[in-house]
Amino acid sequence: MEKQSKRIAALDLIKGMSVIGMIIIHTLLIYANVKSQSETVIGSFIVFLGRGTSIFLICMGITFMTSSHQSLKSSIKRSGLLLLAAFFMNFMKFIVPAVLGFAPDHFIQKYGWHGPIEQQYMYLVMLGDILQLAGISLLFVGFIREYVKNKYAILAIGLLIALVSREVSGTIIDYPVINYITDLFFSNDYPAYIYFPVFPWMSFIIIGMFFGKWFLELNHDSKKLFRNMLYVGLVFVAIGAPLVFGFDAYNYNGFYHMGPGGVIYFAGWTLIFLWIIFRLTLKMKENKFTSLLKYCSRNLTSMYMIQWILISWGKGIFGYRQHSIGSVLLLILLYMILTFSVQKLLDLLKKKKPVIVLEQPISVDETVLK
């Protein structure tokens with residue numbers, strides 16, 4: 001029975017949907033011209049979907065608490081592996097096409113660079129995205145899971161990080177290497193060098209941990225968990241909305257660097273959305289589509305990396321932000337096929353080649369979303 005299972009079936013489907021969604025969103029952001037992104041119904045809707053990062057992070061926090069690997073050592077190890085994966089992905093996304101000569105000039109001009117792109121290799125490799133956030137967060141939330149046993153104390157930590165995020169935003173120690181670390185935690189630059197600074201984005205993961213702990217205390221009762229998500233979500237929206245719309249300069253200074261009100265507001269809508277998806281999938285029978293979503297969920301980390309690398313490489317072929325919405329829809333279909341094809345190829349290689357496992361394989365369930 002589902003009540004006795006530590007796995008939350010609806011979360012597997014939601015994580016699978018996020019794989020499909022991120023291919024759609026990233027293809028649009030890279031290839032659609034400004035008009036297609038902002039002045040078409042389809043483009044505007046896809047850009048809106050791109051604001052769903054909090055869904056990804058709250059799911060990560062929930063499954064982190066219900067993972068079969070609960071040791072602090074395991075969390076630290078996975079943190080390091082995720083950070084290595086993040087820098088490897090950046091190398092493949094940016095340096096490979098630059099070295100091979102198919103990084104488009106239009107993309108280079110976006111950053112206002114006038115010299116050779118070789119001068120920017122380190123910047124591009126260190127560019128902070130969600131994998132860096134997840135890697136750093138795993139280190140800290142591992143300690144929270146190990147030493148904080150009360151679910152309300154966990155929630156308090158998450159809200160505290162949100163509350164101080166605006167005050168510490170922009171903090172920097174201007175010293176080589178150290179300044180990059182402070183950027184990862186506190187960046188407030190736009191255009192962003194670090195897209196998802198730990199403050200405030202780790203708050204969403206810790207809020208997810210609160211619900212993961214609650215799920216365990218409810219004896220793995222998914223219905224009660226998602227009902228509680230709805231109630232908390234409504235409270236969060238009620239608190240966050242007046243802060244965001246009445247005091248936006250402090251609470252919502254842009255999507256990537258929001259303040260406390262923005263975190264609470266987005267977390268509230270995310271929890272309500274998760275309840276809606278749970279209700280929609282509650283009586284969904286196993287079929288090819290649900291099997292596909294579960295496959296995506298199992299391979300979320302690798303498929304995230306694959307689609308970003310392929311989409312980035314494609315800039316040298318299709319250009320950067322030059323296409324109408326019709327062309328972008330065709331490119332979305334292309335990158336769906338390519339991403340799944342490469343993932344299937346990796347699956348075949350794993351079956352043929354023996355793998356030495358130190359503790360457990362790196363997969364979505366053991367890295368980004370746990």
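This is a predicted model: local features need pLDDT of at least 70, side-chain atom pairs count only at pLDDT 80 or more; totals for chains, interfaces and linings use all residues.
## Two helices that cross

Helix axes are lines fitted to C-alpha atoms over the stretch in contact, and the angle between two of them runs from 0 to 180 degrees, taken between N-to-C directions. Helix α1 covers residues 9–31 and helix α3 covers residues 41–49; the two pack with their axes 9 Å apart, at an angle of about 120 degrees. That angle makes α1 oblique to α3. The crossing of this pair is left-handed.

Which residues of α1 and α3 make the contact? From α1 come I24, I25 and L28, while α3 brings G43, I46, V47 and L49. Sorted by class, the residues where α1 meets α3 are six nonpolar and one polar, with no charged residue.

## The chain as a whole

Let us step back for a wider view. The protein chain has 17 helices and zero strands. Of its 370 residues, 54% are buried.

Contacts across the sequence are worth a look too. Take the contacts in the protein chain between residues at least 6 apart in sequence: 80% of these join residues at least 24 apart.

## Helix α1 meets helix α17

Helix α1 also has a partner from another part of the chain: helix α17, made of residues 325–352. The axes of α1 and α17 come within 9 Å and cross at roughly 135 degrees. This makes α1 oblique to α17. Is the crossing of α1 and α17 left-handed or right-handed? The crossing of α1 and α17 is right-handed.

On the α1 side, the contact is made by I20, I23, I24, T27, L28 and Y31. On the α17 side, the residues are I325, V328, L331, I332, Y335, M336, T339 and F340. By class, twelve residues of this contact are nonpolar and two are polar, and no charged residue takes part.

## A closer look at M336

M336 sits in helix α17. Its relative accessibility is 15%, so M336 counts as buried, the cut-off being under 20%.

Which residues does M336 touch, leaving out those up to four places away in sequence? They are I20, I23 and I24. M336 and I20 are 316 residues apart along the chain, yet their C-alpha atoms are separated by 7.7 Å.

M305 is found in helix α16. With a relative accessibility of 13%, M305 counts as buried. Setting aside neighbours within four places in sequence, M305 is in contact with A85, F88, M89 and L131. The C-alpha atom of M305 is 9.1 Å from that of N90, and these two residues are 215 apart along the chain.

Our last stop is N299, which lies in the loop between α15 (288–298) and α16 (300–318). Is N299 buried or exposed? N299 is buried, because its relative accessible area is 11%. A polar atom of the N299 side chain lies 2.9 Å from the backbone oxygen of Y295.

Definitions and conventions
Residues are numbered from 1 along each chain as its sequence is written. Side-chain values use heavy atoms; hydrogens and water are left out. Helices (H or I, at least four residues) and strands (E, at least two) are DSSP runs, numbered from the N terminus. Angles under 35 degrees count as roughly parallel, over 145 as roughly antiparallel, 65 to 115 as roughly perpendicular and the rest as oblique. A crossing is left-handed if the near helix is turned anticlockwise from the far one by less than a right angle, and right-handed if clockwise. Contact means heavy atoms within 4.5 Å. Ala, Val, Leu, Ile, Met, Phe, Trp, Tyr, Cys and Pro count as nonpolar, Asp, Glu, Lys and Arg as charged, and the others, Gly among them, as polar. Buried means under 20% relative accessible area, exposed over 50%, partly exposed in between (1.4 Å probe, protein chains only). A polar contact is a pair of N or O atoms within 3.5 Å; within protein, one must be able to donate a hydrogen and the other to accept it, and residues adjacent in sequence count only if both atoms are side-chain atoms.
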